[in-house]
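These are my notebook entries on a single chain, taken in the order in which I looked things up.

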Amino acid sequence: MTSSRWLKTLNPYLFLLPALIVLGIIVFFPAIQAFSLSFTRYEYDLTQPPEWIGWENFRQLSEDKVFRQTLINTLIYLLGVVPPLVILSLLLAILVNQKLKAITWFRGAYYTPVVVSMVVAGLAWKALYWSNGLFNQFLRSIGLDDGIPWLTSPNWAIWSLMIVTVWKGLGYYMVIYLAGLQSISPELYEAGAIDGSDGWRKHLDITIPLMSPYIFLVAVISALSATKVFEEVYLLTQGGPRNASKTVVYYLYEKAFKELDISYACTMGLVLFVFILVLSIANLYLSKRVNN
């Protein structure tokens with residue numbers, strides 16, 4: 001092979017090399033190191049080298065009642081957040097896809113929560129959830145004197161966090177749907193109207209089938225985000241009360257940065273990675289089945 005052909009063959013890899021080096025340093029190497037630490041004891045005195053203990057961390061994890069609770073909470077969060085985000089953001093996208101006056105302003109208004117910092121949003125929602133906050137003041141005005149302990153009750157805390165997540169994500173997923181809606185030809189709706197598919201029925205007959213790839217995309221992205229939720233928990237409840245709103249990622253954070261149990265946190269991270277991988281493969285399989 002001549003030198004010119006060698007250069008042509010190597011050119012794409014040379015362009016990729018800087019990105020691969022950066023990814024190797026900040027993604028691949030830490031991931032491999034975290035995987036190896038899962039089989040060691042590395043805690044408290046981080047100046048000492050890790051001690052190999054095999055599967056001990058996984059055995060301890062299987063007996064950890066708090067981890068089981070956080071896993072259940074994460075699954076509840078997943079089931080409670082994904083359907084509203086998939087459905088409500090689609091309805092919102094259909095609404096703002098209409099040719100109406102000031103519709104651009106409405107699109108911007110619905111997208112505003114996305115660009116608001118999670119810290120600012122969390123503090124604002126925490127004020128709304130206070131015992132004398134706006135929500136409880138409204139409930140008292142309609143006769144519910146005690147209000148609702150949004151963040152201090154084990155029955156309400158995780159659902160209160162879900163509301164914040166849905167509110168924050170609606171605008172983002174609305175934009176994804178909006179891109180799909182604008183790619184649908186108006187002629188399809190005109191042909192559907194001739195066949196009697198008009199009003200909201202046209203969305204059932206035309207919009208939803210054509211939007212199925214976008215629906216699955218939103219379902220996958222929102223599911224992955226729900227399993228990794230952290231900011232809402234940290235800002236509003238810090239996992240309380242009595243671990244009722246503590247998720248796997250927040251528990252991992254506590255173990256790694258508060259208790260300095262690095263190896264145990266890496267073990268939880270590995271289990272979470274496997275869970276997310278299985279979830280992604282299942283979603284990919286279902287999307288292929290539906291599209292075929």
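I began with a term needed below: helices are DSSP runs of H or I, at least four residues long, numbered from the N terminus. The model is predicted, and I read every entry below with that in mind.

Entry 1, a ring pair in helix H5. I looked up Trp 125 and Tyr 129, which are 4 residues apart in helix H5 and therefore separated by about one helical turn. An α-helix has 3.6 residues a turn, so residues three or four places apart point the same way. The ring centres of Trp 125 and Tyr 129 are 5.6 Å apart with the planes at 45°, so I recorded the pair as tilted. I noted both Trp 125 and Tyr 129 as buried.

My search of the whole structure returned 21 aromatic pairs. One of them joins Trp 55 and Phe 58, tilted, at 5.2 Å centre to centre and 55° between the planes. Trp 55 is exposed, its relative accessible area being 61%.

Which residues touch the most other members of the largest core? I listed Tyr 77, Val 86, Tyr 129, Tyr 177, Met 211 and Leu 236, out of 47 residues in that core. At least two core residues come from each of helices H3 (65-96), H5 (118-129), H7 (157-181), H10 (212-227) and H11 (231-237). H7 gives the most, with 12 residues. I also recorded a second, separate core of 9 residues, with Val 248, Val 249, Met 268 and Leu 272 among them.

Setting aside residues up to four places away in sequence, I found Leu 236 touching Gly 122, Trp 125, Lys 126, Tyr 129, Leu 151, Leu 161 and Val 164. Ala 127, in helix H5, is 109 residues from Leu 236 in sequence, yet their C-alpha atoms are 9.6 Å apart. Ala 127 is partly exposed at 28% relative accessible area. With the same exclusion of sequence neighbours, Ala 127 touches Gly 133 and Leu 134.

I traced its side chain to the backbone nitrogen of Ile 148, at 2.8 Å. Beyond four places in sequence, Asn 136 is in contact with Tyr 129, Trp 130, Ser 131, Gly 147, Ile 148 and Trp 150.

I checked the length of H3: its 32 residues should span 46 Å at 1.5 Å a residue, and the end C-alpha atoms are 46 Å apart, which agrees. At the start of H3, I found a side-chain oxygen of Asp 64 within 3.0 Å of the backbone nitrogen of Val 66.

The unreviewed entry lists "transmembrane region" at residues 12-32, 75-96, 108-128, 156-179, 206-226 and 262-286. I compared two of these spans with the model. Residues 108-128 are 90% helix and 0% strand, with end C-alpha atoms 23 Å apart. Residues 262-286 are 100% helix and 0% strand, and their end C-alpha atoms lie 36 Å apart. The same record places "domain: ABC transmembrane type-1" at residues 71-283. I found that span to be 75% helix and 0% strand, with its end C-alpha atoms 20 Å apart.

Terms used
Residues are numbered from 1 along each chain as its sequence is written. This is a predicted model: local features need pLDDT of at least 70, side-chain atom pairs count only at pLDDT 80 or more; totals for chains, interfaces and linings use all residues. Side-chain values use heavy atoms; hydrogens and water are left out. UniProt positions are given in the numbering used here, feature names are shortened, and annotations may be inferred rather than shown by experiment. A nonpolar core is a set of buried Ala, Val, Leu, Ile, Met, Phe, Trp, Tyr and Cys residues joined through side-chain atoms within 4.5 Å. Buried means under 20% relative accessible area, exposed over 50%, partly exposed in between (1.4 Å probe, protein chains only). Contact means heavy atoms within 4.5 Å. Rings of Phe, Tyr and Trp (its six-membered ring) pair if their centres lie within 6.5 Å; planes under 30 degrees apart count as stacked, over 60 as edge-to-face and the rest as tilted. The expected span of a helix is 1.5 Å times one less than its number of residues. A polar contact is a pair of N or O atoms within 3.5 Å; within protein, one must be able to donate a hydrogen and the other to accept it, and residues adjacent in sequence count only if both atoms are side-chain atoms.
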